[in-house]
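User: I'm new to this one. Could you show it to me and then take a few questions?

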Amino acid sequence: MKRKLYQDELEDFLSASAEDLRMYPSSRVWHNIDNKIHGEKKWPALTFAAFLIGAISLAGLILMKPDKDLFKPRHITNTVAANTNAQPQASKAFVVSENLIVANSGKNQAADGDELMQVLMNEQDLATANTVVENALRQEEPTITVNTAQYPQAVLQSSVLLNEEDWTGANRVQSITLREESNNYTLNELPAGINAETAARLSAALPQPQAKSTVDAEALANTVSLKKASKWSLQYYATPSLSYRLLSEVKDVNNTSSIAAPNSLNAMVNHKPKLGLELGSAVMYNVTDYFSVKAGLQLNYRQYAIDAYATPANQPAMIRIDRGNNRFDTIYANNSISNVGPQQNEMQVTNHYFQLAMPVGFELSMATFNTSKFVLAATFQPTYNIGQQSWLISSDYQSYVKQPDLMRKWNFNTGVEAFLRFSNKSGNLNWQVGPQIRYQLLPGAQKKYPVREHLIDYGLKIGVSKTL
Amino acid sequence: MTEDLIIAGCLQNHPVAQRELYNRYSPKMLAVCYRFAHSREDAEDMLQEGFIKVFSQIHTFQNKGAFEGWIRRIIVHTCINVLKRNKKFTEAVNIEYAVEAQVKEIIPAIMQAKQVVECIRLLPTGYRTVLNLYAIEGYSHREIGDILDIGESTSRSQYTRAKAMLEQVLIKKRIIDKPELQPDVMIAF
């Protein structure tokens with residue numbers, strides 16, 4: 001009879017214990033169920049961000065009036081050596097491809113960012129270089145040869161990208177590619193494929209041989225050299241961002257029998273990103289045309305919300321602390337809120353971090369367009385936590401407690417970004433916009449706290465830089 | 001949101017009602033799955049499959065019993081089907097090793113439910129399934145025999161062995177005290 005009673009008690013005990021248990025599934029489960037019954041949904045935020053970035057990039061490119069050959073590299077093939085003493089060579093000709101504009105020699109400067117042009121002209125020929133040929137030839141048309149015995153001989157040593165302010169008569173000076181050719185055509189002997197309209201336009205645009213120079217060649221030689229831009233620049237930026245966190249735990253500390261929780265940590269916590277902000281300034285130095293280094297100071301405000309439950313009275317919470325060498329301490333706290341509870345007690349608490357960081361990094365220019373660049377950048381950021389409010393989860397995942405003394409004061413972050421940089425006409429003021437990811441390398445709490453939290457921010461960085 | 005509203009919403013395939021139903025019952029149902037499963041991941045897979053069935057079969061619920069009980073039966077049957085499909089019934093674990101591997105500490109009362117479930121999960125799959133169905137889910141041995149395709153007597157014998165094993169584990173982990181056998185009990189036994 002007693003044995004029978006014991007058996008019933010055991011079954012009741014098992015049943016009651018099993019019924020008490022609640023486990024919280026990971027978000028993956030609902031995501032899969034929802035996809036199964038309603039079909040796959042696209043992440044609206046990602047779509048929106050992609051659309052926004054795409055729209056900004058497109059608008060920027062359109063407003064900046066890009067070249068037709070936007071993605072083609074500019075270069076001079078077979079550069080002709082400069083020789084101001086050389087006699088005009090009747091037999092020498094240059095094939096002019098793509099859009100040709102001959103610069104007005106009366107102006108003396110041309111600059112666009114780091115692309116410089118040096119135009120060295122024969123003294124005799126300078127006199128006739130006061131004309132512009134505008135979009136004379138279309139790309140699809142065959143090349144045409146200009147006889148340099150009759151027309152000015154321009155010797156170019158670099159890619160040409162001239163500023164319209166500096167060159168009267170030229171609405172826009174574009175790339176010129178010259179190459180020496182053995183064939184010699186004149187406009188009267190156009191090769192097949194050049195139609196009459198193009199020939200007429202070119203003929204009207206070409207300089208008149210009898211025109212006399214009004215420019216002092218020596219003065220021009222002194223002024224034609226271009227002023228180089230400074231290699232130093234100052235940058236200001238702001239980055240609105242959303243903060244997420246990646247959680248993991250040290251199993252050896254939390255998985256003892258007294259606190260073993262069958263729920264995984266990520267299944268038990270539910271957090272929502274909130275808007276943060278980064279404000280900063282940096283000094284940049286252009287090592288080369290494509291590579292620059294930078295260092296600066298920035299302030300970061302990051303925050304996220306945690307789903308929690310209000311409790312009528314503070315419930316005790318326990319945190320296991322790893323003292324090393326398999327020694328563990330336990331912290332009991334009463335100022336806690338619950339991580340589980342009835343729906344009517346739902347609430348949110350927010351973890352805030354206010355940080356000062358010193359980013360040091362580099363920028364790598366990946367592609368250059370007409371007045372814009374596509375740039376990749378990375379920084380390493382020693383970070384000091386000026387102030388923070390952080391709720392830590394207890395070892396049994398049932399509560400959140402505040403333990404400021406467990407939080408790190410110093411940390412390290414890293415940032416990677418990709419952006420488009422747009423230059424103004426003079427090239428000394430640049431705007432940039434693009435996505436940025438910032439990741440916190442060390443956990444927010446000290447090593448002895450077994451739960452590892454790494455913050456990760458997804459932001460849109462907007463900046464302006466001015467050449468010093 | 002009341003249960004009737006949730007059911008009505010789910011019948012119309014309304015996402016908010018479905019999410020509400022899931023939020024309300026998934027913690028309890030995952031605990032059920034966890035008792036049958038080998039790991040938490042397996043339990044979540046069972047839960048996922050079970051809830052898809054719940055949403056797709058909700059029109060068959062006839063308001064004759066508790067809604068939670070109806071969901072629970074679907075979840076339990078899903079667990080059994082998954083175990084059958086994966087042929088898990090043949091697996092066994094070394095009970096002695098599993099028990100000794102645990103750190104022996106006094107268990108706080110608040111942790112007792114978790115610990116009991118963890119002890120149940122130490123049993124071999126076949127024993128565990130029968131024990132779960134009989135002692136906790138309330139199925140009869142005849143029903144268990146039908147569900148698991150075994151004889152009623154096999155279910156009884158497996159349950160007896162499962163309970164004895166579990167008793168050992170619970171005593172070794174100091175979750176229950178060893179019963180003091182008295183002379184009359186021994187005579188009666």
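Below, we go through it in questions and answers.

User: Before anything else, what kind of model is this?

Analyst: Residues are counted from 1 along each chain as its sequence is written, while chains get letters from A and ligands numbers from 1 in the order in which they are written. Local features need a pLDDT of at least 70, side-chain atom pairs count only at pLDDT 80 or more, totals for chains, interfaces and linings use all residues, and the model is predicted.

User: What average pLDDT does chain A have?

Analyst: pLDDT is the predictor's confidence in each residue, from 0 to 100. In chain A, 55% of the residues score at least 70, and the average is 69.

User: Where in chain A is the pLDDT below 50?

Analyst: One such stretch has 225 contacts in the model beyond near neighbours in sequence; a contact means that the C-beta atoms of two residues, placed from the backbone, lie within 7 Å. That stretch of chain A is residues 70–189.

User: How many helices and strands does chain A have?

Analyst: Helices (H or I, at least four residues) and strands (E, at least two) are DSSP runs, numbered from the N terminus. By that count, chain A has eight helices and 22 strands.

User: Which residues have the most contacts inside the largest nonpolar core?

Analyst: A nonpolar core is a set of buried Ala, Val, Leu, Ile, Met, Phe, Trp, Tyr and Cys residues joined through C-beta atoms within 7 Å. Buried means that 20 or more other C-beta atoms lie within 10 Å of a residue's own, exposed means 12 or fewer, and partly exposed is in between, with C-beta atoms placed from the backbone. The largest core has 56 residues, and the ones with the most contacts inside it are B:Cys33, B:Leu131 and B:Leu166.

User: And which helix gives the most to this core?

Analyst: The top contributor gives 11 residues, and its span is residues 15–36 of chain B. That's helix H2 of chain B.

User: Is B:Ala17 buried or exposed?

Analyst: B:Ala17 lies in helix H2 of chain B. It touches B:Ile6, B:Gly9 and B:Cys10, leaving out residues up to four places away in sequence. With 20 other C-beta atoms within 10 Å, B:Ala17 is buried.

User: How many residues of helix H6 of chain B are buried?

Analyst: H6 of chain B covers residues 112–121 and is mostly covered. Its buried residues include B:Val116, B:Val117 and B:Ile120.

User: At what angle do the axes of helices H8 and H9 of chain B cross?

Analyst: Axes are lines fitted to C-alpha atoms, for helices over the stretch in contact, and angles run from 0 to 180 degrees between N-to-C directions. H8 (residues 141–148) and H9 (residues 152–172) of chain B have axes that come within 8 Å, crossing at roughly 105°.

User: Where is B:Asp149, and is it buried or exposed?

Analyst: B:Asp149 has a positive phi, near 60°, and isn't a glycine. Its place is the loop between H8 and H9 of chain B. Because B:Asp149 has 8 C-beta neighbours inside 10 Å, it counts as exposed.

User: Which loop holds B:Asn13?

Analyst: B:Asn13 also isn't a glycine, yet its phi is positive, about 60°. With 13 C-beta neighbours inside 10 Å, B:Asn13 counts as partly exposed. Its loop is the one between helix H1 (3–11) and H2 of chain B.
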